[in-house]
Amino acid sequence: EAALAQGKALAIDDLGAFSGDKHPALLSARLAHDGKRSALFVPLRHGSGSEALLVFASSQGGAYTPEHVEFLTNLAGQIGQALDLYKLETGRYPSSSDGLQALVTAPGGAANWNGPYWKKSQIPKDPWGNDYRYTSPGQKGAYDILSLGADGKEGGEGENKDVASSD
C-alpha cells in the first residue's frame, strides 16, 4: 500500500524488520511469515484511475538492487500502458480468457484491435519463468496479474506461494 500511495516502487531489504509491528494480514507480513526476506512492490496505474500492484519477493535479503527496481518499475509501467492502450482502442481491458496474450495477438471478437500493443512476440514471464495469470475484472481494480510462485501451481507456501497484483 505504501508504494501505491507514493506512486513509485518500494524495495524492502528486510521484510522481518519492516513487518514486525504490522498486522499479519498485510502482504509484507505474510511474505515475511512465508520466509521471504526482501520484496519489491511496483505500482501499476490505469487510465481509469484504478490501481494494481506487482510484487516480487525473494528469500534473499537485499535481493533488489536499484537496477532491479528500475527494470521492474519500467516493466510494470509498460504492461500498464499496453493494457490502457488496448482499452482505449477496444473499449475494454482484455477478458480473463483473452489474457495478456491479447496484447500481442487479436482475440476473437475484439473490435477496433489495432495491436500488437506489446513490442515483443511474447509477454514477459514471472521471476520463476512461468506465465502470469491475468483476470479482468480484478478483485480490487480493473484487472489482476497473478504469479503462481516457483512451482507454477495454485496455492503453496514459501517460494511456491501465489502473489497477486491485488494483494
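Here is a walk through this predicted model, from its overall layout to a few local details.

Some ground rules come before the tour. Residues are numbered from 1 along each chain as its sequence is written, and side-chain values use heavy atoms, with hydrogens and water left out. As this is a predicted model, local features need pLDDT of at least 70 and side-chain atom pairs count only at pLDDT 80 or more, while totals for chains, interfaces and linings use all residues.

Let's start with confidence. The mean pLDDT (the predictor's confidence in each residue, from 0 to 100) is 77 for the protein, and 78% of its residues reach 70 or more. Helix α1 (residues 2-6) has the lowest confidence, with a mean of 60, while β4 has the highest, at 83. Where pLDDT is low, the predicted coordinates should not be read in detail.

Now for the layout. The protein has four helices and six strands, where helices (H or I, at least four residues) and strands (E, at least two) are DSSP runs numbered from the N terminus. Their order along the sequence is α-β-α-α-β-β-α-β-β-β. Of the 167 residues, 46% are buried; buried means under 20% relative accessible area, exposed over 50%, and partly exposed in between, using a 1.4 Å probe and protein chains only. Among contacts (heavy atoms within 4.5 Å) between residues at least 6 apart in sequence, 44% join residues at least 24 apart.

Next, look inside. The largest nonpolar core has 25 residues; such a core is a set of buried Ala, Val, Leu, Ile, Met, Phe, Trp, Tyr and Cys residues joined through side-chain atoms within 4.5 Å. Leu-83, Leu-103 and Trp-118 have the most contacts inside this core. The elements giving it two or more residues are β2 (38-45), β3 (51-58) and α4, and α4 gives the most, with five residues. A second, separate core has nine residues, including Leu-27, Leu-31, Phe-41 and Ala-57. Back at Trp-118, and leaving aside neighbours within four places in sequence, its contacts include Leu-75, Gln-78, Ile-79, Ala-82 and Leu-103.

Then there is the charge pairing. Side chains of opposite charge can pair when their charged atoms come close. The structure holds two salt bridges, each being a side-chain nitrogen of Lys or Arg within 4 Å of a carboxyl oxygen of Asp or Glu. One links Asp-98 with Arg-92, with the closest N and O atoms 3.4 Å apart. Arg-92 counts as partly exposed because its relative accessibility is 30%. The other links Asp-131 with Lys-125, at 2.5 Å between the closest N and O atoms. Here Asp-131 is exposed, at 51% relative accessibility, and Lys-125 is partly exposed, at 38%.

A cis peptide bond joins Gly-115 and Pro-116, with omega about 15 degrees, and Pro-116 lies in the loop between α4 and β4. Another cis bond runs from Ser-136 to Pro-137, with omega near 5 degrees. Asn-112 is not a glycine, yet has a positive phi of about 65 degrees.
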